[in-house]
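Please keep the sequence and the coordinates at hand while reading.

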Amino acid sequence: MRYHLKLIGLFIRASAQQELAYRANFLISLLHSLLNFGTGLLGLLVLFEQVEAIRGWDFASTLAVLGVYLTVGAVRDLFIGPSLDALTGINGDIWAGRLDFTLMRPVDIQFWSSFRQWRLLAVFDLALGAGVLAKAIFELGAAVTASHLITFLILLGSGMITFYAVQLAFTGLMFWNPGMLFSWVFNGIFQMARYPVRLYPGGLRLALTWIVPVGVITTLPAQALTGDVPALTLVGSLFLAAALFTGASLLFRTGLRRYASASS
Amino acid sequence: MAQPIITVRQLSKTYRVPERDAGLLASIKSLARRTYNDVQAVRDINFSLEAGEIVGFIGPNGAGKTTTLKMLCGLLHPTSGEAEVAGYIPWQRSGVYLRRISMVMGNKSQMMWDIPPLDTFRVLGEIYHVPAAEFKQTLDELVELLDMGELLTRPVRNLSLGERMKCEMVAALIHRPSVLFLDEPTLGLDVSTQRRLRRFVADYNRRRGATVILTSHYMADVVELCPRVILIHQGSLLYDGALSGLVERLAPFKLIRLTLNQEQAPTIDGHLPPNVEVLERENGRLVLRAGRAETPAITSRLLDTLPVVDLVVEDPPIEAVIDQIYQEAKV
């Protein structure tokens, strides 16, 4: 564990040095974060100007979903996305054969592939996400108890694991088809997670909960803040996170065996 | 006799390669139904290496050299056969094994592009659990051998190809591997950088007793570094032995370079022995080819019968011999 934490520290340091080499990126990243945050918030403000609640969701609880969405997205942008994206795509490590060097390291390949590249500017997104969450909790007021908060944190954690597992699985598929950017498809669908799944029509709602589980990632933790999550759902989401993590790790490792390396 | 550090038995690798005809229609058809072709990159090869040897792994493009090296590094699983390196099965990729080997690839980089090489070396030092004192000692030694102290703090993307290759060498050796795989390490480098790297590899081999397998298309690399060569062609091993043996076996002839007195040169034809072939002839300079065994007698006769100003007997250039092997694929 200490060894892995030390490596993460070194990866963060090296990534920071790389980011600082390109100063223009800083401003563009800042603009991107503010746009992401602004459009999400603006959408909610416009919506709740007209109505008190939609399908049982009022402004404060919908704001909590946006807060979870921004936080999870920030964690993805902080290290999961940059690390896994470095493997995929044209000129990615799988395509270009640079994975050769990774495979020769005496470290767990999944650990390396998930933590080695950091985008530290995403800390700003993380702060925005936390800010929105804090505001939502403040707006919800007395409805948020200590046990609700604990359930929320557990579901936020399991949602992040689910999110990571899906990203890892899509990355693993690259070993079968290096040209396909599977994770782009998922990232597109994840955009829909900024609103509670109950806002979507029946079929789509079911798909977003059970097939592409973005609902489990953002809506469930937000629901937990008001104590609206049955115990069975809580256990089910933990089980889903564990199953997806195991399945995705298996898929990724099976994919690794298919890696034929790029020709010399 | 010492236990070999690398043993390869009946090692084979077959790739399954998707195939389709040219054109848009064929591309669309391949979406629905893919056809595959099996390409046998390595066929039943056998060899073994003693610890501390430097062996040249030669063959034309697509011969199976890199595939073999990648199997020995644990990057590829073989289709059949066995290999053992330093007591380990490479493709099981145990941590202990990976700490004992390293690979340098002339066409791929393991350096982090935007930051100075020293930072990449530090990360690698941690990954390989190199203690701080040993890290410093190894780095100092490698930097001195490669004369690259001033490169350590410059971003890698600002370095020349030769400078980057020096960094690749340090990155590969920072954990003091006992088996080193060099896959065309001098690719694209200028002549003096090539020479410097060759000297470095020889020094490293001497100092650390590391076993080195080298592939290169530059025969100078092989001639200077490798007392032994393994020749592979179309996946099969054709020759394993001394480089000089390969030349003798494949080129059982010598070249005789003659310079004659200009005025008498046009009259030489009748005086040439029947068992020599004239390869070049220009202004009294001739290059003749003669069988190895007959060369002493032929030289003596040439000196007796012709107005010789200068005479040199030499082996054919190694490049010509290797080219002949690659073209004819037989030894």
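## Conventions and confidence

Helices (H or I, at least four residues) and strands (E, at least two) are DSSP runs, numbered from the N terminus. Residues are numbered from 1 along each chain as its sequence is written, while chains are lettered from A and ligands numbered from 1 in the order in which they are written. The model is predicted, and for that reason local features need pLDDT of at least 70 and side-chain atom pairs count only at pLDDT 80 or more, whereas totals for chains, interfaces and linings use all residues.

The model scores ipTM 0.80 and pTM 0.82. In terms of pLDDT, the predictor's confidence in each residue on a scale from 0 to 100, chain A has a mean of 87, with 96% of its residues at 70 or more, and chain B averages 88, with 96% of the residues scoring at least 70. Within chain A, confidence is lowest in helix H9 (residues 182-190), at a mean of 77, and highest in helix H6 (residues 109-115), at 94. Within chain B, the lowest confidence falls in helix H1 (residues 24-32), at a mean of 74, and the highest in strand E4 (residues 80-85), at 96.

## Contact between the chains

Two residues are in contact if their C-beta atoms, placed from the backbone, lie within 7 Å. On that criterion, 26 residues of chain B are in contact with 20 residues of chain A. On the chain B side, helix H2 (65-72), helix H3 (95-100), strand E5 (101-105) and helix H4 each supply at least two residues, and H4(B) gives the most, with 5 residues. By class, this side of chain B has 13 nonpolar, 5 polar and 8 charged residues, where Ala, Val, Leu, Ile, Met, Phe, Trp, Tyr, Cys and Pro count as nonpolar, Asp, Glu, Lys and Arg as charged, and the others, Gly among them, as polar.

Helix H1 (residues 2-20) of chain A and helix H4 (residues 117-127) of chain B pack at an angle of about 170 degrees, with their axes 10 Å apart. That makes H1(A) roughly antiparallel to H4(B). Here the axes are lines fitted to C-alpha atoms, for helices over the stretch in contact, and angles run from 0 to 180 degrees between N-to-C directions; angles under 35 degrees count as roughly parallel, over 145 as roughly antiparallel, 65 to 115 as roughly perpendicular and the rest as oblique. H1(A) contributes A:Lys6, A:Leu7, A:Leu10, A:Ala14 and A:Gln17 to the contact, and H4(B) contributes B:Asp119, B:Arg122, B:Val123, B:Glu126 and B:Ile127. The residues of this contact divide into 5 nonpolar, 1 polar and 4 charged.

## Helix H11 of chain A

Helix H11 (residues 214-225) of chain A has 12 residues and reaches 18 Å from its first C-alpha to its last, close to the 16 Å expected at 1.5 Å a residue, the expected span being 1.5 Å times one less than the number of residues. H11(A) is mostly covered, since 12 of its 12 residues are buried; a residue is buried if 20 or more other C-beta atoms lie within 10 Å of its own, exposed if 12 or fewer, and partly exposed in between, with C-beta atoms placed from the backbone. Just after H11(A), A:Gly227 takes a positive phi of about 70 degrees.

Helix H8 (residues 146-173) of chain A packs with H11(A) at an angle of about 175 degrees, with the axes 8 Å apart, and the two helices are therefore roughly antiparallel to each other. Among the residues that meet are A:Phe152, A:Leu155 and A:Phe163 in H8(A) and A:Ile217, A:Leu220 and A:Pro221 in H11(A). By class, this contact has 10 nonpolar, 5 polar and no charged residues.

## Individual residues of chain B

B:Cys226 is found in the loop between helix H8 (219-225) and strand E8 (228-233) of chain B, and counts as buried with 22 C-beta neighbours inside 10 Å. Not counting residues up to four places away in sequence, B:Cys226 touches B:Ile54, B:Val55, B:Gly56, B:Leu214 and B:Leu243. B:Thr68, found in helix H2 of chain B, counts as buried with 29 C-beta neighbours inside 10 Å; the C-alpha atoms of B:Thr68 and B:Val42, 26 residues apart along the chain, are separated by 7.0 Å.

B:Asp44, in strand E2 (residues 35-49) of chain B, has a phi near 40 degrees, a positive value in a residue other than glycine, and is partly exposed, with 14 other C-beta atoms within 10 Å. B:Arg176 likewise has a positive phi, of about 50 degrees, although it is not a glycine.
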